[in-house]
Amino acid sequence: FLRLQKRLAAAVLKCGRKRIWIDPNETSEVGLANSRKNIRKLYKDGLIMRRQVHMHSRSRVKAMHAAKRPGRHSGKGKRKGSRNARLPVQVQWMRRLRVLRRLLRKYRDSGKITKQIYHQFYLASKGNQFKNKSVLIEAIHKIKADKIREKQEAEQREARRAKNTEKRARKLNAKLAREGKIPAGAAPAEAAKEAAKPKEAAKPKEAAKPEKKEAPKQEKKGAKKGKQQ
């Protein structure tokens with residue numbers, strides 16, 4: 001039934017005969033078409049159409065994958081292959097290390113960490129010190145807090161040192177002013193100079209001591225030789 005028209009339509013539409021659809025209400029008109037030109041006109045009018053290619057439905061596969069995402073259908077009975085074959089340890093290590101290195105690179109480029117801290121944690125990540133990204137972030141925050149605390153302690157030490165130096169200078173200035181060595185309103189620097197003068201004067205006395213001790217020893221030796229003679 002309408003074999004000629006189906007064959008001509010398949011040739012014109014470049015598909016198989018099974019994909020040709022002919023309007024069942026217009027079979028008499030289609031039966032009069034005996035040339036490719038008439039078939040093209042019927043195709044243009046919509047009396048002959050080309051069906052879509054039949055394919056396998058993916059709906060069941062999609063449903064299975066959606067169920068597997070939260071962990072269904074993955075028990076011991078469904079597994080084939082060892083644990084390392086299903087997800088190699090090397091692949092897990094590569095994924096974890098790339099996550100850590102990506103985070104370190106991001107922090108370094110944004111200025112959150114210095115290049116020294118970046119290098120320290122890069123080597124630590126390579127040495128398997130951090131289990132995941134959250135542990136690495138916690139370690140970074142900890143070392144940054146330690147460095148800030150050390151800097152504050154150093155500044156406090158320096159401030160205390162300067163304060164003590166100034167206090168000692170004021171005390172020395174007051175002492176020298178009481179003794180009358182410097183004027184009462186002299187600056188602490190002058191007091192320090194005055195305090196250094198007695199130390200310089202005491203040096204020649206220390207140098208003169210060995211000469212006095214050597215002289216009597218030589219006389220004693222000379223006297224002993226005279227007695228023996």
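What covers the buried residues of α1? The cover includes β1, α2 (27-31), α3 and β2 (48-50). Before going further, I note that this is a predicted model, in which local features need pLDDT of at least 70 and side-chain atom pairs count only at pLDDT 80 or more, while totals for chains, interfaces and linings use all residues. Residues are numbered from 1 along each chain as its sequence is written, and side-chain values use heavy atoms, with hydrogens and water left out.

Helices (H or I, at least four residues) and strands (E, at least two) are DSSP runs, numbered from the N terminus. Buried means under 20% relative accessible area, with a 1.4 Å probe and protein chains only. By that criterion, Gln5, Leu8, Ala9, Ala10, Val12 and Leu13 are the buried residues of α1. Just after α1, Lys14 has a positive phi of about 55°.

Let me turn to the cores. A nonpolar core is a set of buried Ala, Val, Leu, Ile, Met, Phe, Trp, Tyr and Cys residues joined through side-chain atoms within 4.5 Å. The largest one has 15 residues, and those with the most contacts inside it are Leu13, Ile20, Ile22, Val30, Ile39, Leu42 and Ile48. At least two residues of this core come from each of α1 (3-13), β1 (20-22) and α3 (36-45); α1 gives the largest share, 5 residues. Apart from this core lies another, of 13 residues, including Leu100, Leu103, Tyr107 and Phe121.

How do the later helices pack? Helix α6 (residues 89-110) and helix α7 (residues 115-126) have axes 10 Å apart and pack at an angle of about 175°. Therefore α6 is roughly antiparallel to α7, a term for angles over 145 degrees. Axes are lines fitted to C-alpha atoms, for helices over the stretch in contact, and angles run from 0 to 180 degrees between N-to-C directions. Contact means heavy atoms within 4.5 Å. On the α6 side, the contact residues include Trp93, Leu97 and Leu100, and on the α7 side they include Tyr118, Phe121 and Tyr122.

Finally, α6 also meets helix α8 (residues 133-179): their axes come within 10 Å and cross at roughly 35°. Val99, Leu100, Leu103, Leu104 and Tyr107 of α6 make this contact with Lys133, Leu136, Ile137 and Ile140 of α8.

Note on methods
Angles under 35 degrees count as roughly parallel, over 145 as roughly antiparallel, 65 to 115 as roughly perpendicular and the rest as oblique. Buried means under 20% relative accessible area, exposed over 50%, partly exposed in between (1.4 Å probe, protein chains only).
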